[in-house]
Amino acid sequence: MPVDLFKGEAAKFQPFLGAMSGAFKLKYEGSKPIANLDIDIWKDGRRVESAGSIGDLFYSPDEQSNNEVEVIISIDTVTMGEKDESAIIKVSTIGRSGSSLLTFQIPWDKKLTARGLIQDAEPRSFTADQAVHVFGMQATSSNTMRTSDLSTESLSQTKWALVFTLQFEE
């Protein structure tokens with residue numbers, strides 16, 4: 001039951017969506033019925049809370065076991081009043097059953113001034129028996145950013161991160 005992750009054609013829309021955006025495609029061949037894309041907040045190198053989740057990512061009305069979905073993510077900050085800022089997370093999914101656009105909003109710490117994406121440059125395959133990080137954004141208040149990848153070891157070095165994790169339910 002391999003799962004493949006690779007950058008999608010939608011990556012060409014990054015200039016339109018903004019600097020904190022990216023796209024990837026997931027292809028799943030297996031029999032586990034439900035895949036969730038969890039959005040988690042990491043602080044000081046560990047997961048501290050959930051920012052949301054997209055359930056049944058590979059949903060298909062014909063229930064075929066060979067599924068593919070393209071995911072486009074855009075993260076932007078907006079000012080709310082004089083003091084408050086929020087991060088707006090937009091996630092679009094495009095699959096056999098159609099497309100959707102989901103929006104999440106989380107409080108944003110204005111001190112986090114440096115931001116960078118964490119995403120794979122090359123296709124990779126993994127099995128569905130464990131959770132896997134597929135996309136992320138890191139931020140820091142020091143204006144010094146570490147190069148990071150999606151491994152748990154690398155994420156443990158981040159000051160703050162928004163991490164998208166794919167996991168399957170039985």
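Figure 1. Although Asp44 is not a glycine, its phi is positive, at about 50 degrees. The side chain of Asp44 meets that of Lys159 in a salt bridge, with an N to O distance of 3.4 Å. Lys159 lies in the loop between α2 (152–155) and β11 (160–169), and Asp44 in the loop between β3 (34–43) and β4, so the pair ties together parts that are 115 residues apart in sequence. Lys159 counts as partly exposed, at 43% relative accessibility.

**Figure 2. Surroundings of Ser156.** Ser156 is placed in the loop between α2 and β11. With a relative accessible area of 32%, Ser156 is partly exposed. When neighbours within four places in sequence are left aside, Ser156 is in contact with Trp42, Asp44 and Gly45. The C-alpha atoms of Ser156 and Arg46 are separated by 5.9 Å, although these residues are 110 residues apart along the chain. A polar atom of the Ser156 side chain lies 2.5 Å from the backbone oxygen of Glu153.

**Figure 3. The salt bridge between Arg47 and Asp40.** The side chains of Arg47 and Asp40 meet in a salt bridge, at 3.2 Å from N to O. Which of the two partners is buried, and what is its relative accessible area? Asp40 is buried, with a value of 7%. Arg47 counts as partly exposed, at 44% relative accessibility. Side chains of opposite charge can pair when their charged atoms come close.

**Figure 4. The salt bridge between Glu68 and Lys25.** Glu68 and Lys25 meet through their side chains in a salt bridge with an N to O distance of 3.8 Å. Because Glu68 lies in strand β5 (residues 66–80) and Lys25 in strand β2 (residues 21–29), the pair ties together parts that are 43 residues apart in sequence. Glu68 is partly exposed, with a relative accessible area of 38%, whereas Lys25 is buried, at 18%. The count of salt bridges in the model comes to four.

**Figure 5. The nonpolar cores.** The largest nonpolar core has 35 residues, of which Leu162, Phe164 and Leu166 touch the most other members. Which strands each supply at least two residues of this core? They are β2, β3, β4, β5, β6 (84–95), β7 (98–108), β10 (132–140) and β11. A second, separate core consists of six residues, among them Trp42, Ile118, Leu155 and Ala161.

Figure 6. The model holds six aromatic pairs. Tyr28 and Phe168 form one that is tilted, with 4.6 Å centre to centre and 35 degrees between the planes. This pair links distant parts of the chain, with Tyr28 in strand β2 and Phe168 in strand β11, 140 residues apart. Both partners are described by their accessibility: Tyr28 counts as buried at 2%, and Phe168 counts as buried at 15%. A pair of aromatic rings is described by the distance of the centres and the angle of the planes. Elsewhere, ring pairs link Phe24, Phe135 and Phe164 into a cluster. Phe164 is also one of the residues that touch the most other members of the largest nonpolar core.

**Figure 7. Backbone geometry at Asn143.** Asn143 is placed in the loop between β10 and α2. Its phi is positive, at about 60 degrees, although Asn143 is not a glycine. At 58% relative accessibility, Asn143 counts as exposed. A positive phi is likewise found at Asp44, which is not a glycine.

**Figure 8. Confidence along the predicted chain.** The mean pLDDT of the chain is 84, and 85% of its residues reach 70 or more. Which element has the lowest mean pLDDT, and which the highest? Strand β1 (residues 2–6) has the lowest, at 52, and strand β4 (residues 46–54) has the highest, at 95. Where pLDDT is low, the predicted coordinates should not be read in detail.

Notes. Residues numbered from 1 in each chain as written. Predicted model: local features only at pLDDT ≥ 70, side-chain atom pairs only at ≥ 80, totals over all residues. Heavy atoms only, no water. pLDDT = per-residue confidence, 0-100. Helix = DSSP H or I, 4+ residues; strand = E, 2+ residues; numbered from the N terminus. Buried < 20%, exposed > 50% of the residue type's maximum accessible area, 1.4 Å probe, protein only. Core = buried A, V, L, I, M, F, W, Y, C linked by side-chain atoms within 4.5 Å. Phe/Tyr/Trp six-rings, centres within 6.5 Å; stacked < 30°, edge-to-face > 60°. Contact = heavy atoms within 4.5 Å. Polar contact = N/O pair within 3.5 Å; in protein donor to acceptor, adjacent residues only side chain to side chain.
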